[in-house]
Structure formats: structure tokens, C-alpha cells
Amino acid sequence: MSQTFELSIPQPLHHSLQAHAEQDYAQQLNTLAKSLSNTSRYWMIDGDKLIYDSKTRLLWDGQPKTETYVSPAQSGDKYKEGLLKRKMAGYGEFRLPNKIELTDVASNNFPLREGQYLYLKNHRWWMVDNGYIHLDNTLSDIHKNTGGTRVISVLPLAQPYVLSTGIEIKGVAADLHYFIGQSLKFNAHGSELTDADQAILVSLQHSLTPVGLLKSIDWISTRLPPLDQRRFFDVDQGLWELVPTGLSQRIDLTHSQPIQARHPRLDIRDSNVAIDFGTSSTVVALRENGRDQLLRIGVQDYYDSPKAKDYENPTVLEFIDFEDMLEEWHSAVYRPLLNWNDIHCSHEAKESLRKNLTNSRMISSVFARLKQWALRDDPNKPQWITDRQGKQHSINTLSERNPIKGQPLTEADITADFDPIELYAWFLGMNINWRQRGIFLNYYMTFPVAYPVATKQKILASFRRGLQRSLPEALIEDATFNDFKVEERASEPAAFAAAALNALQIKPTIEGVAYAVFDFGGGTTDFDYGLYREPKAGSDEEAWEEVIEHFGSAGDKFLGGENLVENLAYQVFCKNINECRSNKIPFTLPLDAIALTGAEMLIDNTQAAQSNTTMLMAKLRPIWESTEHEINGEDLSLSLFNHSNELTSCILEINQQDLRDWLTERIQLGINNFLIAMKKSFDQQQRQPSIIHILLGGNSCRSDIVRELFGLDDNAEDSYLQQSLEQLYTKPTPEQLYADPIPELMVHQPLDSNDENLHSATTKTSVALGLLRICPNEPILVINHSDTDAEDSPFQFVVGTHRRGVFKPTILRNAPYHEWVELGVVREGLFALLYSSSPSAEINELARGHANLKEKSIRFSSSPTGHRVYAHVIAPNVIKLCCVASINHLVDADYVIEEVLA
């Protein structure tokens, strides 16, 4: 008697594995059945005891008895002694064949053919269901008279075979299930089983064993490689899932060999993980044994040689079947077994979009703006996703649902509102906490400086849940789980500076090396300014080796690579407005664009409009990226969706030089804002550095336009950057008698990838790698002056009103919180609130209606004309306003308006 060994796994996991295995089992059976049918009609089973006819799906007795029986009409049921006494669940018992069934196989090379003509087993008289026939004359009638005949039995396999789980497998594959399940051996009659068929046969024989079930556990949901035999049987390896826990019900299994269990605490790595959660891509970095490592997420084949671009993981989810995905997502708290065929992440999701830019269903199934979605806070405007099945699903705005530290998540935690950021974080965690790599408990993240604390806390909570759910269940009950944490560590530009300064081999000095970061990404451009210096002697700083003193930050919220390309598409639509009108082609309006007069019926936010913008952006992208492109001449032929969602052929006129000129002007505006904010940041700290190192971050800095404007491809003295710097510094402010000395700007080339070291710092990976340099127990101290005076991130707008048609700013960027400032007077119960996110609005006289200005009409219905409006900052993008007779009445104000700026 063979020995068996017991093991147990969580019941939800077993249920999912069983379903996946049986689905795969059915597919392989179909493949095998088709191959067998093409190779040979007859297959010998269990040696030669049974014969399977793949054409008619009849199973014959391969060893019929040759005793003589008389016909049923003469002897009743005596003939049944010759029938095969074998039952098959779901198919019934063997029976006599009818005349057609028997003569068909006898006439077509049946394996039992022996003797003359169509004899079987050297006999010509054989019983059928209502008599007996002579195989020498298959056209004769069925004989009813008494006579000596032989019996062969048959079983039709025409119905689907029902598995023990209740799942039906239909088609030819069902005919083979019984034989595979009983480990019977197939032999072709007249030909041999191919190597491919033999491999499928071996696979099927083991697919429903515990090893067969568990080997694809990493592959099913994340496409990480299947487990090999060592993982199951090597005493130094083993599976986390086999360690018993009290968090879920378990199911007992047996196997012919002992399968090793491994407690996950043994695989905990004493390393930090840095996550740069980006608009277009996310970078994950970890440091082990002093070496930095970047991780690939969601690639199609992990055995492929990695490329530098692989480590820029697209922040994208693709929903193929939302309902099936959600069912699995809710099936288990920890490491639910999602099906990659229902949900794609990162690289493969982005590749699906790239290959299907004319497929509206494909475009609508991709969620590519996770980070922007986190900023939405209107519960009345949910995000809609249409999966590849054509079903729409609403996703509510992000809420902060923090897990309790050290406590396991519950079913209520995982079945609350679906959170795509939690799901994305889970995918990251499943790749980070891969059994081949180990388990990590310390996670650190960065955020743009302008992000409100409330938004950062919501994103951190999502990552805490998602990353925690990627941990093995057995670890949650272990004391080491108390060490799990997900924290904000630094701003994105500060982390970038930490990596870039090191990569450029810039050394800190006692007085400090001044730097300025121009982080030109896919969504926005962030500015950051500070000093890189040695620690001060005799202070608490002596515990560190280097100090990054962060003075200030700003940014251009609409200067992002994706937003620029969307603006190019919008300009092309406007230039071809007559073509769009005649074909009723809708398109979207970029956030920073001005709506074209008379285009109200075409500017829309429908699926058709979004698809049209996405398709045109793909065609125009090479103009921005300065690559070889498909646009020849000035016309572009493109199929776009009309208002009826029908594809319509259009010819769009394109002036590539005009589009390039617009890109140049828009980036010039960004550079002006960068220099203005730089001067203000150093002035506020009473610093006038003679040299400032300019660090270019973000993939958009690779653009040839950016390089030219920053003087990297030309004479630096003649660059636009240098000209703008001189103009800014030779124009003293009203408070100054003399202009400040002009600093020298040392612009460094964008950090490119290194083929010899794919884990080196680049314009994109530097944020995550820099974050590793400022994690706990690392030698760099970051001092952030913008955090000292406010409970939230710095205020990011310039606020005021207009006077004689010109913007008059009153509240400036980085303004202190909770300090009332007078904005202006009310006229007939209304006040014109003007604001801008552009640093240039502080020093330039912008006309009312300028593209960089936004205007809101604030109603104070109970306030008479002449009353004064006061405001103070309460969040990075929120102010409170009230209207009173004078500042002395502020304490009595009972009507306060909270206004969100965007």
C-alpha cells in the first residue's frame, strides 16, 4: 500500500486553484483530443482492454468474449453475460451496438479485424441490439432466428462529463477525462503519440494533485514564473501557504510525497523598499547588502533580458472582466488568487493600449490616471470603467481607510468600496514579496510637494492595505508583522536631488552647494531648491554625513509631457474644426486650454471624445518626443468616432512647425516660472549663491526642445535659460534699490540609463533610488523648511482680484496658514476672485482673462456694496473667505465660505 502525506491550504485558495486547474485541464484535454483525432481514429486504452473511436466517440470492449450466444429473441438476457461489466459515472453501462455502429467500425480498419473480409476476432456473426448480423454481408437485413453469435459491447460518450466539483467539461475533451483521471495509458492504433501529446498527457495526470494545483500559484495572478520541484520537496525551501493559521478555514489534502511548508518569517529581509508612485510610471527600488536594485512589474516574460525601460513600470490597470476580478479580490483577505486573464497591470496593460488605439472598448477598459484620480474629491462624480466585456462599473472617490497597525485586515476591510490604488499596490507587493526574493516590511514613499496632507494620507492608506494583502497569511499572526509600515519619507524632488547629486559626483561643502531641480514629468513639472552641505559641527546633525537643506518648492501643474501632447491634439482639432463639424467628431478640452468659440457641440468628455483624443495623441506624440513618425507632409488620415460612436474617416491638416513652436513657447513659460520660484526661494532664506546646479529630472527633460532651451545643445550663454535669468535679476523689486547679483547656472545633462548597470540613477529612477539614500539608518539628513510653519503642504496658488483689468495678487505662494488678508470689496453682493498656480503671476502684470488666470464669482448675498472680503489659507489648495465691514469685525463674521482652488 502506497504511503500518503497530509498537508493543508486555505480554503479560498484551494477553491481558486481548483477552478483554475480544471479550466486549464479542460483546455489541455481539448488540445489533446483534437490531436488524437487527427493522428488516429482508434486509440487503445489500458493496454488493449478498451478501444476509443475518436470519430464517433464510442468506447468499445477491446477484449470481447468469443463464446456463442443465441439472439435475445430466443434466450432473453442470457447475452448480457458477454457484456463488459464496467460502469462509468455519468455515462451508464456498456450495451450492445446497433447495426450501423458495428458495420461502420468493421468497414473502417477496426483494431479487432481478423480473418476474412470484415471478420472481427476471426468471427463473422455478431449480435446487435435487436438481432444479429453477418459481417460478410453488411447490407443484409438483421437476422432474428436462433443462431450462434458473439457479443461485443460499446459505450457512447456523447454527454459532457461532470467533474466531482460540479463543473462540466463539454466536447471531445470530456471523452478523455475518465481515462486521464484513472491514469490510463493511451496507445495509437497505427501511429504513435507525439512528444507534445505525451507531454500534455503527463501534465494532465498530475494537474489535479497538490503539486499540480500549487505550481502555478504565482503565475496565475502576476505571471511570475511557475514553481519548480525544488520549491515543493527541498527542505531548505517550501511554501508559505502550507503553514497553518487561524485567519481562514483550511482544507486538507494528501500527496504521495511530503511537501515542505516554510514559515514566512524565515524569508524576511532587513531592507528598505522605496516606491515612487508616479503619474505615468512607478519605480520600485530596494537596497540589499548595500546594493540598489530596481524591480520590473507586470512584464510579459520574466525570463527575457531586462532593459532599462522595464524598470519604469506604467501606472496602469486594464480591466478585462471586472466582475470576475472583483469576486476573486473579495474571496480572500491575504494574497487572493486573481486571474491575470481578468486584470492586467503595468507593462502588459500599457502594451494592450498601445496596440489597440482604434478600439474604443479597449481604451475605456484601461485605467491610466490612478494618481490624478486620487486628487478627485467630488463624491457625485465617480470614475467610470467599461471592461472588455462591455460592462460599466463606477468607482467612488478615494477615501482614507487606514488599517490598524499590527492588526489583521478583516472581510469588512476588503469588501468596502473598491480602490484601484489598493489593487495596484497589491500587484507591486506581490512582485516585491515574491518567494524567490523574500519578504519586505519597510516601505517608503514620496509625493509632490504640492500634494495636500489629506490626499497623501489617503494614498498611503491604500498602499498600506494593498501591500499588507500581498504578505503571506502566516506572517500576519507572527510578532514580526508589527514591524510592517508604509510611510512618507520625502518629497519627490528632494529624493531626486539625493540621487542626482550623488550620480553627478557633486560633493557637499561646509557652506553648501546650491541646487535647483526641474522635474519635468508626465503630469506636472515640480521645482525644488536647496543646499547640499556637510553637517554643522557641534549639532545634532553630526549623526549624519551629509545634509540636504530643502528651502522651497513650486511647480507648473499643467507642464507635463502627457498634457503637452493632449494640447497638440486639441490644437489640431481646432485647426480642423470644419472637418470635425461636418463629421460630428467630438474631442476633449485640456485642463489648461481655452475653449474654442463655436465648438460647444464638439468639446465633450464622452467615451468617443476621449478615444479620439487618445488616438490623435498617439499620432502626434513623435512631434513632442522628436522621433521618427508616421506624419508625412501636412495631412493625416485617421479614423475617428462620431457622436454615434461610429468610426469615420477624416483627413486632418497638420502644421508640424506650428506645433513645435507652441511646444517651445509653453516650455519657455515653464522655465520662467522655474527661475522666478528659484529666486524667491533663495531670497526667503537670505541666500545669494554664486553657483546653482540645475538638475533635470523626469523623462520629458530628454526632449530636444528642453535641451536646447537649457543650453545643453548650444552655447549656454545664448540659451533661453540664460537670457531669462539675466532679465529676472536685472529687474529689481520695489523693495530693492539695486538688482541682485546674477548667479551662474550650471546645467547638468539629464541622467541617462547605463547598459552596464541597469539599476543606475536616471531621470525617472532617481526619485526611488534617492529615497533609498534618505531612508532610516542612511547617512543623509533632509531638512525641509517648508514643513516648519504649516500643518499641511505649502500653499500653491497666487490669489487676488482685478483692478482696471489687471490681476492684483494679495495671497502669494507659500503664504502662512490662518492669517487673514484683505482681497478687495464686494459689489452688489458679488466678489471677483482671481487666482493662478503660475509663479509668474506674482511679479508679472497679467490681464484679466489671461490663460494663466482663473476667475470665480463669489456671492455674499447679505453683504452690502463696499464691505470688504478677507481670506486665509487652510490647505494647499483651499482658502476661507468672509465679508465684513472692516477687519475689526472679523471676530464677529458668521458667514464663511470655503473655496477649493484647482
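User: Which residues is Thr 525 in contact with, leaving aside its neighbours within four places in sequence?
Analyst: In this predicted model, Thr 525 lies in strand S26 (residues 525–533). Once its neighbours within four places in sequence are left aside, the residues in contact with Thr 525 are Phe 518, Asp 519, Phe 520, Ala 554, Gly 555, Asp 556 and Leu 559.

User: Happy to stay there for a moment! Is Thr 525 buried or exposed?
Analyst: The cut-off for buried is under 20% relative accessible area. Thr 525 has a relative accessible area of 0%, so this residue is buried.

User: Which residue's backbone oxygen does the side chain of Thr 525 reach?
Analyst: Leu 559 is one of the residues in contact with Thr 525. At 2.5 Å, the side chain of Thr 525 reaches the backbone oxygen of Leu 559.

User: Let's move to helix H9. Where do its buried residues sit around the axis?
Analyst: The buried residues of H9 (residues 322–329) are Phe 322, Met 325, Glu 328 and Trp 329. Their arc around the axis is only 130°, so they lie on the same side of H9. What covers them includes helix H1 (11–39) and helix H14 (420–432), along with strand S22 (392–395). As for where they sit, then: on the same side of H9.

User: And which residue caps the N-terminal end of H9?
Analyst: The backbone nitrogen of Glu 323 has a side-chain oxygen 3.4 Å away.

User: How are helices H20 and H21 oriented to each other?
Analyst: The axes of H20 (residues 607–625) and H21 (residues 656–684) come within 10 Å and cross at roughly 60°. The contact is made by Leu 620, Ile 623 and Trp 624 of H20, with partners in H21 including Leu 659, Leu 663 and Ile 667. H20 passes H21 in a right-handed crossing. Given the angle, H20 and H21 are therefore oblique to each other.

User: One last stop: is Arg 804 buried or exposed?
Analyst: Arg 804 lies in the loop between strand S33 (798–803) and strand S34 (806–811), and has a positive phi of about 50° although it is not a glycine. Most residues other than glycine have a negative phi. With a relative accessible area of 78%, Arg 804 is exposed.

User: What does Arg 57 count as, at its relative accessibility?
Analyst: Arg 57 also sits in a loop, between strand S3 (50–53) and strand S4 (58–61). Its phi is positive, at about 60°, although Arg 57 is not a glycine. With 22% relative accessibility, Arg 57 counts as partly exposed.

Note on methods
Residues numbered from 1 in each chain as written. Predicted model: local features only at pLDDT ≥ 70, side-chain atom pairs only at ≥ 80, totals over all residues. Heavy atoms only, no water. Buried < 20%, exposed > 50% of the residue type's maximum accessible area, 1.4 Å probe, protein only. Helix = DSSP H or I, 4+ residues; strand = E, 2+ residues; numbered from the N terminus. Arc of directions from axis to C-beta. Contact = heavy atoms within 4.5 Å. Polar contact = N/O pair within 3.5 Å; in protein donor to acceptor, adjacent residues only side chain to side chain. Axes fitted to C-alpha atoms, helices over the stretch in contact; angles between N-to-C directions. Parallel < 35°, antiparallel > 145°, perpendicular 65-115°, else oblique. Left-handed = near helix turned anticlockwise from the far one by under 90°.
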